[in-house]
Amino acid sequence: MKVYLAGPMTGIKRNNFPAFWDAASCLRQKGFDVLSPAEIDDPEDEYAALNDLPSKKTWGQFLARDVKLLADDGVQGIVFLPNWQTSRGAKLEATVGLLCNFVFWELIDGVPVTKDREWVVQQLARSL
């Protein structure tokens, strides 16, 4: 199953790429086909992210790319990283997942735990 990783990036050292890389590796070992926003940047954007430098692209451009991937790239589910509810982008990605009837998981200590739609809705409501 193809899943998308959603979690906080903005304001976190190295844009939280190491957490995304670890999660992607863990999920691939469990048989998931993973689409991670930390693995799809062009070299210039990746360099900026890893060195805590500003990117030439806006936050909106990155988010638009990711929402398009969710809607068009065969994704069937979302795996949420810890503290995803603090991320404006991850909350939008969760909303897209709800609209697309995705399957959801929360990654807890390297284990993907199945979550239902109501859990996602409750998490979104609590984060308002």
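1. Phe 80 has a relative accessibility of 0% and therefore counts as buried; the term buried applies under 20% relative accessible area, exposed over 50%, and partly exposed in between (1.4 Å probe, protein chains only). The model is predicted, so local features need pLDDT of at least 70 and side-chain atom pairs count only at pLDDT 80 or more, whereas totals for chains, interfaces and linings use all residues. Residues are numbered from 1 along each chain as its sequence is written, and side-chain values use heavy atoms, with hydrogens and water left out.

2. A search of the whole structure gives six aromatic pairs. Rings of Phe, Tyr and Trp (its six-membered ring) pair if their centres lie within 6.5 Å; planes under 30 degrees apart count as stacked, over 60 as edge-to-face and the rest as tilted. One of the pairs is formed by Phe 80 and Trp 119, which is tilted, at 6.0 Å centre to centre and 55° between the planes. This pair links distant parts of the chain, since Phe 80 belongs to strand 3 (residues 77-80) and Trp 119 to helix 5 (residues 117-126), 39 residues apart. Helices (H or I, at least four residues) and strands (E, at least two) are DSSP runs, numbered from the N terminus.

3. Trp 119 is also buried, because its relative accessibility is 14%. With Trp 84, Trp 119 forms a tilted pair, because the ring centres are 6.0 Å apart and the planes stand at 50°. Trp 84 lies in the loop between strand 3 and helix 4 (88-99), and Trp 119 in helix 5, so this pair ties together parts that are 35 residues apart in sequence. Trp 84 is buried, with a relative accessible area of 0%. Ring pairs join Phe 80, Trp 84, Phe 104 and Trp 119 into a cluster.

4. The strands form an open sheet of five, in the order 2-1-3-4-5, with mixed pairing. Its edge strands are strand 2 and strand 5 (111-115), each of which pairs on one side only; two strands pair if DSSP finds at least two bridges between them. Neighbouring strands of the sheet are turned by 35° against each other on average, direction ignored. Strand 4 (residues 103-108) and strand 5 run antiparallel and are joined by five bridges. Phe 104, a member of the ring cluster, has Lys 115 in strand 5 as its bridge partner.

5. Helix 5 lies across strand 3, strand 4 and strand 5, at about 65° to strand 4. Helix 4 lies across strand 1 (2-6), strand 3 and strand 4, and runs at about 150° to strand 3. Axes are lines fitted to C-alpha atoms, for helices over the stretch in contact, and angles run from 0 to 180 degrees between N-to-C directions.

6. Ser 36 is in the loop between strand 2 (33-35) and helix 2. Ser 36 is buried, with a relative accessible area of 1%. Not counting residues up to four places away in sequence, Ser 36 touches Leu 5 and Phe 20, where contact means heavy atoms within 4.5 Å.

7. Glu 44 lies in helix 2 (residues 43-50). With a relative accessible area of 46%, Glu 44 is partly exposed.
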